[in-house]
Amino acid sequence: MTASNLPSRTRIAIIGAGPAGMMLGHLLRQEGVDCLVLERRDRAYVEGRVRAGVIEQTTVEIMQRVGLAGRLLREGLPHGGFSISWNGELIHIDVAGLTGKHITVYGQQEIMHDLFDAAPARGLDVVFGAEDVTLHDIEGDRPFVTWRSGGETRRIDCEFIAGCDGFHGVSRASIPSGRLVDYEKIYPFGWLGVLADVPPCAPEVVYASHERGFALASMRSATRSRYYVQVGAEDRLEDWPDDRFWSELAIRLGETIAAGLERAPAIETAMAPLRSYVCEPMRFGRLLLAGDAAHIVPPTGAKGLNLAASDALFLSEALTDYCRTGSMAGVDGYSGRALSRVWKAERFSWWFTHLTHRFPTATPIERKLQIAEMAYLSRSRAAQTALAENYAGLPLSP
Ligand code: RFL
Ligand code: PHB
């Protein structure tokens, strides 16, 4: 949209055009609610970020609700389970058999492509390249947002601001210190991820827990693989030349899985730190937070994008109700409703990370307990069911 036809007011100003902001925008437009999305970067940047790959059924349903699940259902890979490689043993978690649900492997890049492509036809305006986005009067009744585009300062008045601008965004940072409670855990390691044009080494996702550290084999299609290895928190990309990455990955995945591993130059390589984080509540006055702006999970449980989607759904319901009836009940209940699902996903991602990673800080007894937990999981249908239920995604209602 060009600067000349920008409205001067909208009902909901959405900061950030990641999964949370774009899903919220589509859900609101579906209900006829006026909104505007302000994104700092350009479309190619947001769409180009290689991130999530595992999509819960609840997220598929949210895409269906906005009529954008066509390609996801056609091209996404439905998976009935996944495996954990441990000490040369493969523990298969039969998600479909244990829960009746399945997950879909479909890249975040593809989801973003579908959300962006459909935006103009749905009347969802996205301003890319919005610099210096600033939130004003979030504690009052007449909030507004200013930003700079093409050297000019712009302003939009609104009734609510949805802060969907990720962990490092401006929204949460606009809340005066001491007004929210933060809960945070930073893990003493990170993940190095590689995307490569080779067929996946296994038909389903494999999580490997090895003496030398964690590894993960995932995919994007029949010809594109996504692999990760646990690395030191201080490691840099230069510490991990291609050969080191592929050799380490093969060792950690174990012989059976590594037998199918094909090496190729990386199309993309990235390091990510691991963190668990929640801020409470997810609201301050007329600012409502959603997605990574309010919480972070370590990627082990594959929950980040799925939580961004469920936040967007809860928030769209609250804001639609307000816009239609003037009732604040949904807005007042939003944070509690979202946090109830968020904390369960935080617990699961934390637990799965502890189960599968090598902690340089672990004491001998902690290591023994970790081994005992994996041994228990490998034989107990009850433990596997609990894992499968969380992995497939908990219900939207508590
Ligand atoms: P995002 O995706 O960070 O989007 C925020 C957007 O806000 C913009 N922005 C601003 N705009 C205007 N003004 C400002 N001042 C702004 N500051 C920032 C940014 O440019 C950006 O476009 O947050 P959102 O929408 O909450 O979505 C969260 C998800 O992206 C994230 O949780 C997932 O990627 C996490 N994740 C996974 N989630 C899953 O559900 N399944 C997975 O399999 C999965 N795998 C992963 C992952 C994340 C990973 N990394 C790199 C952290 C694997 C990895 C390696
Ligand atoms: C991915 O495919 O990128 C992926 C899969 C599972 C995870 C995290 C990331 O837990």
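This is a predicted model: local features need pLDDT of at least 70, side-chain atom pairs count only at pLDDT 80 or more; totals for chains, interfaces and linings use all residues.
**Notebook: the two ligand sites**

I then looked up which strands supply at least two residues each to the shell around ligand 2, and they are E15 (213-221) and E16 (224-232).

**Ligand 2, neighbours**

I listed the surroundings next and got 13 residues around ligand 2. Tyr207, Ser218, Arg220, Tyr228 and Pro299 are the closest of them. Sorted by class, I have 7 nonpolar, 3 polar and 3 charged residues in this shell.

**Ligand 2, polar contacts**

Which side chain has an N or O atom 2.8 Å from an oxygen atom of ligand 2? I found that it belongs to Arg220. Tyr228 also turned up here, with a polar side-chain atom 2.6 Å from a ligand 2 oxygen. For Thr300 I noted a backbone contact: a polar backbone atom is 3.1 Å from an oxygen atom of ligand 2. I then checked the cover, and the protein takes up 97% of the 280 Å² of accessible area that ligand 2 has on its own.

Moved over to ligand 1, where I get 32 residues around the molecule. Glu39, Arg51, Gln108, Asp292 and Leu305 come nearest. By class I wrote down 15 nonpolar, 9 polar and 8 charged residues for this shell.

I wanted the helices too. Helix H1 (19-30) and helix H10 (304-325) each supply at least two residues of the ligand 1 shell. Which element gives the most to it? That is H10, with 4 residues.

I took Glu39 from the nearest set and found an N or O atom of its side chain 2.6 Å from an oxygen atom of ligand 1. Leu305 is in that set as well, but here I noted a backbone N or O atom, 2.7 Å from an oxygen atom of ligand 1. Gly304 also uses its backbone: a polar atom there lies 3.2 Å from a nitrogen atom of ligand 1. How much of the accessible area that ligand 1 has on its own does the protein cover? I read off 89% of 1000 Å².

**Wrap-up for the page**

For ligand 1, I have side-chain contact from Glu39 and backbone contacts from Gly304 and Leu305. For ligand 2, I have side-chain contacts from Arg220 and Tyr228, and a backbone contact from Thr300.

Key. Residues are numbered from 1 along each chain as its sequence is written. Chains are lettered from A and ligands numbered from 1 in the order in which they are written. Side-chain values use heavy atoms; hydrogens and water are left out. A residue is near a molecule or strand if one of its heavy atoms lies within 4 Å of it. A polar contact is a pair of N or O atoms within 3.5 Å; within protein, one must be able to donate a hydrogen and the other to accept it, and residues adjacent in sequence count only if both atoms are side-chain atoms. Accessible areas come from the Shrake-Rupley method with a 1.4 Å probe; for residues, only the protein chains shown count as cover. Ala, Val, Leu, Ile, Met, Phe, Trp, Tyr, Cys and Pro count as nonpolar, Asp, Glu, Lys and Arg as charged, and the others, Gly among them, as polar.
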